[in-house]
Amino acid sequence: MSAAMATLLRRSLRPLRAFRGHPRPAADVPLRATSHGAGLLYPEHIPTSLVQKALLAAGSAGMALYDPYRHDMVAVLGETTGYRTLKVLRDQMRRDPEGAQILQERPRISLATLDLGKLRSLPEDSFGREYLRFLDVNRVSPDTRAPTRFVDDEELAYVIQRYREVHDMVHTLLGMPTNILGEIVVKWFEAVQTGLPMCILSALFGPIQLSAQSLQVLVSELIPWAVQNGRRAPCVLNLYYERRWEQPLRALREELGITEPPRRVEGLA
């Protein structure tokens, strides 16, 4: 399965090898509609035909289902299947004052833009301090988010980039770890919130990897909780997280209508 999908991806990308040598843009540089070379709309953009997108979508879906921790394949799947949904999300952001400001200013989340010293100095119960604790405990970094490549619209490319970069903030809001069960719960929340096909597929097929005990907990307790909170909360893409660091996490959850998870999922898989 893995070898076949890898071959499919290689074939679909064969005409695009000329783009491999492009330097990776700095993670603190906003995506903007400027000239980046022949047909390129933003740094790292790889123009693709509908056929190539279909091949990429099929290959990345298979690889992501085979190995849920292949975040690069999950990223490709999101970009090649989410164009219409990204337009809906972009329009939602345009209609929201905070979301519109995010689209205008194009903030980026990376180690280059985060003031880790400031976050460590915040009170224990603040959103910023809890976000930093999430990064430390789960040994993750905001710099691991893949750059957008296959979205043929620079504004929509920023929308999906923003979605990726606030993913760990959503984990913090929901109180979910990065184990398989925690990721599936977050994907259910994001599927309801965004409608992105990649989120829906991950939410539906991710549980295949779970033990019987974890699957029972997921279906009976965690999915209903995630769906309820996803429906109740405003779009999380409209939250300017960088300006909420000092806000107590409990107060931010109350503002968004997000309740405490029904149980801790650490140790379940």
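In the predicted model, Glu-154 has a relative accessibility of 15% and therefore counts as buried, the limit being under 20%. Its salt-bridge partner is Arg-106, with an N to O distance of 3.1 Å between the two side chains. Glu-154 belongs to helix α8, which spans residues 154-165, whereas Arg-106 is located in the loop between α5 (97-105) and α6 (116-121); the pair therefore ties together parts that are 48 residues apart in sequence. Arg-106, at 5% relative accessibility, likewise counts as buried.

A further salt bridge is formed by Glu-165 and Arg-108, whose closest N and O atoms are 2.8 Å apart.

A local pairing is found in helix α7 (residues 127-138), where Arg-133 and Glu-130 lie three residues apart, about one turn of the helix. The closest N and O atoms of this salt bridge are 3.2 Å apart. Arg-133 has a relative accessibility of 34% and so counts as partly exposed, a class that lies between the 20% and 50% limits.

Salt bridges with shared partners also join Arg-90, Asp-91, Arg-94 and Glu-155 into one network. In total, the structure holds 21 salt bridges, among them the Glu-154 to Arg-106 contact, the Glu-165 to Arg-108 contact and the Arg-133 to Glu-130 contact.

Methods
Residues are numbered from 1 along each chain as its sequence is written. This is a predicted model: local features need pLDDT of at least 70, side-chain atom pairs count only at pLDDT 80 or more; totals for chains, interfaces and linings use all residues. Side-chain values use heavy atoms; hydrogens and water are left out. A salt bridge is a side-chain nitrogen of Lys or Arg within 4 Å of a carboxyl oxygen of Asp or Glu. Helices (H or I, at least four residues) and strands (E, at least two) are DSSP runs, numbered from the N terminus. Buried means under 20% relative accessible area, exposed over 50%, partly exposed in between (1.4 Å probe, protein chains only).
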